[in-house]
Amino acid sequence: MKMVMKMRINNIIIKNYRQYKEEKLNFQNNNRSNLNIIIAKNGVGKTNILNAITWCLYDNESHLGSDSKSLPILNLNTLAELEEMDSVDVSVEIEILLEGVTFIVKRTANCVKNEEAPRGVYTKPSNFEVKKLFKDQGKTPEVYYDQEASQQISRLLPKEIHEYFFFDNEQLNSYFVENDSDTIRSAIHQLSQVELLSRARRHLSTIADEYRAKIKRNNPDLESKYAYKVEYEKKASDKKEEIDNLKKQIQTSKDIIKENKTITNKAPDIKSLSEELNELETKRDNLKANKKQNLTYLQQFIREYSTLLRLYPELKNTHDYIEEKQNKGEIPVKISKEILEDTVNGDTCKICGSELSEENEDHVKSLLEKIKFSNIASQKLVQIKSDIQRMMDKAESYPSERDKVQNDYQSVADELDETERRITEIKDTIKSRSDSEDLKKLLIEIEEQEGLLEQNRQKLPILQAEHSRLVEAATKAKDEYDKAVNKVDKSNELNKLVNLCEKALKVITESENELTQEMQQKTVEMTYETFSSLIWKKNTFKEVVINENYELDLIHNKGYPCIGSCSAAERSLLALSFTLSLHKISGINAPLVIDSPVGRVSDDSRENFAQVLANVSRSKQIIMFFTPSEYSDEVKETFKNKIGTLYYLDMQNDTESIIKKDDKYV
Amino acid sequence: MSKKTLFLHYDKKKNIKEKVDQADYLGMSQVSRLELFLLAMAIGKKSPTEVQNKDSLVRGEYVHKDLDALPFIISLSIGSNQKEEDIDDLLNDENLFSYAEQCANTGFQVIEDEIEHYNPDDTELEKIIELNDIYEKNVKQ
């Protein structure tokens, strides 16, 4: 494992960026932990601080909502103060401290007011600068610009895995329930540092394909096999594109729902109903996951008992048969039937070695008639008897097991029905109470997007299954084509080159797989180690597993996978553990910046989860954004005496936010 | 010497595993081939049919490793063909597997028919009712 270096963000200076005209956030250490908190109501600009960080580091505002997307990056008040064609700089500067070196990272974009430009402003490509100041006064500071500056950041906080440093609560909650195995796959891939090998593999594949195309042109009979291979590869690639688009649609629906809710939740006439609705929707999501899990148990029960009950008569007959033979002393056999047969067929006794007289031969023959079982058969019967007894006991317990599994399923299904009924009721009430047309439109849009989201979520696993089948078919078609190519002319020069490429590809692919698997194993082990050290429910979970599709699951102590039935707090903790293990493995002890860490966590688990974050902050800087309601008394109590800095964001006016220090939250 | 691979025959055009995966009938897309095989074997136990165009489905070593598989397969043979003089032959892996394959072959056809008439909303309830009947008939009496 690499040596872990501690990294912290000292301060962030934001100028003319979105809601912020000119603000500075200083993050201080506390003796006991490294916890920094920013509190703001929804819509004030918490998430845009997260965007300011990713914009500064990567020129990418990863968490931009659609309302912000429609606005220029330049602060609207600053824009209003400008004359046409006047220009001003937008900048974000972050000071990062790492092992005695201070990195001052600054991105600046010059904006020109121009009414003809989109959103009334023309934004020039940004300039990027990284200054390195050394603790050792004698060492000259180093300054890097643009591409070189990006390379510096790439070593510090690699862009490819930045979502494991800067993320929001939706990511934490949905990490392992959105079939988002691509995220996991990509993180492990990045950490394994196999990209170089992957590039070599892709390049060699292209070269091999070119040689194959030449062979095909020289051998027209390969045409159909080649066409078949290309057809399936294309189908698989199209399906993958369809899956990616569907994932984007799912994300868009989630963004629209989230943004609309931010607005509707604030409407005074429906505020309390909206809050209840949000809680019920979280409950509904958890119940849906539980129902799915219980359906899996029910189906497993049906399959198991379908076999067991049908074969019960045979099991019983066999059990009785073995018992009867045991009672008669026929099994286990005392003399080997095989030895007696050999003795009769030969001239000497196979036990004592003496010559066999006629009398002895008759005796052995009579013994042989009495022994009905060979050694192997006798052993098999004796060995399976206790298993058969266990299986019969299980079959006899069918009624009680059936009631248990059916009741578990039905009670969750009933609770889900009731929750859904109440959700519909609240939605209807909200609609009838909303007097503004805009609000109604937003509510209707939320409903439409929720329907679409549900449809798409159901469609996703089907498309993924189809994709796997097409990939399998494409691999098969490729194998057949390759076999045909090899048959054409083994001495052919082109074939030799293809074979060489293939051998090299095989070695590269194997190395790639080995490295990734090793990293995969290390990641799950460390995730479980972190998870079990942080989880408040001890002795409940046995291990973390990852399957070949990179889907992570948590195994309950009783042996069944249980991620679907975990609470949002437990799921968030698993995601956090996964993230922390990636930090450890990569050797990058980066700060964690989390927007609304307890946003999806139910009230009774918030304290537990807050405690976990406080524990983590002892060894790592954490910067978190809360709404006032999320920052409850229990959370406040948990963080007491552990906070380095606490800021409160407020609206200066409709378009501008300011940063305050506010003692009422401490 | 035990036979290494357990063979199951089915028409390639009637690829049962693929059909089960596509329909996800009773969550079977997630089950092992051995579990699927044992279920088919239990369903088809009364009318074994000869398997054509054999293709391998489960390796013999998995049958021996599984706690339930061998007791099921042995009981199927002994429970339905108890003849003292044949017992050694019956318990030979090759014969055990061959008879199990024939039963499963019939069972797969039944599962395939069920998939064709599969209604995701009612299947579990229907199956529980069916299991209640089997329990009454096979176990309780």
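Modeller: A:E99 is exposed because 9 other C-beta atoms lie within 10 Å of its own. A residue counts as buried if 20 or more other C-beta atoms lie within 10 Å of its own, as exposed if 12 or fewer do, and as partly exposed in between, with C-beta atoms placed from the backbone. This is a predicted model, in which local features need a pLDDT of at least 70 and side-chain atom pairs count only at pLDDT 80 or more, whereas totals for chains, interfaces and linings use all residues. Residues are numbered from 1 along each chain as its sequence is written, and chains are lettered from A and ligands numbered from 1 in the order in which they are written.

A:E99 sits in the loop between β4 (87-98) and β5 (101-113) of chain A. Helices (H or I, at least four residues) and strands (E, at least two) are DSSP runs, numbered from the N terminus. Although A:E99 is not a glycine, its phi is positive, at about 45°. Most residues other than glycine have a negative phi, and most peptide bonds are trans. A:D59, which is not a glycine either, has a positive phi near 60°. A:D59 belongs to the loop between α1 (46-58) and α2 (66-69) of chain A, and it counts as partly exposed because it has 14 C-beta neighbours inside 10 Å. The peptide bond between A:I331 and A:P332 is cis, with omega about -5°; A:P332 is found in the loop between α10 (312-327) and α11 (337-345) of chain A.

As for confidence, pLDDT is the predictor's confidence in each residue, from 0 to 100. Its average over chain A is 84, and 92% of the residues score at least 70. Where pLDDT is low, the predicted coordinates should not be read in detail.

In chain A, 6 strands form an open sheet in the order β9-β13-β14-β3-β15-β16, with mixed pairing. Its edge strands are β9 (166-168) and β16 (656-660), each of which pairs on one side only. From one strand to the next, the twist averages 20°. Helix α1(A) packs on the sheet and touches β3 (35-39), β9, β13 (592-595), β14 (622-626) and β15 of chain A; its direction makes about 145° with that of β13(A). Such angles run from 0 to 180 degrees between N-to-C directions, and axes are lines fitted to C-alpha atoms, for helices over the stretch in contact.

Strands of a sheet pair through backbone hydrogen bonds, either parallel or antiparallel. Here, two strands pair if DSSP finds at least two bridges between them. Strand β15 (residues 643-653) of chain A pairs with β16(A) in the antiparallel sense over 5 bridges, and A:D650 stands opposite A:I658 of β16(A). β14(A) runs parallel to β3(A), with 5 bridges, and parallel to β13(A), with 4 bridges. A:M624 of β14(A) is the bridge partner of A:I37 and also of A:I594.

β14(A) is largely enclosed by the rest of the structure, because 5 of its 5 residues are buried. In a regular strand the side chains alternate between the two faces of the sheet. In β14(A), the buried residues A:I622, A:M624 and A:F626 point one way, and A:I623 and A:F625, also buried, point the other way.

Chain A also touches chain B: 34 residues of chain B are in contact with 34 residues of chain A. Two residues are in contact if their C-beta atoms, placed from the backbone, lie within 7 Å. On the chain B side, the elements that give two or more residues are α2, α4, α5 (87-90) and α7 (123-140), and α4(B) gives the largest share, 9 residues. That side divides into 20 nonpolar, 6 polar and 8 charged residues. Ala, Val, Leu, Ile, Met, Phe, Trp, Tyr, Cys and Pro count as nonpolar, Asp, Glu, Lys and Arg as charged, and the others, Gly among them, as polar.
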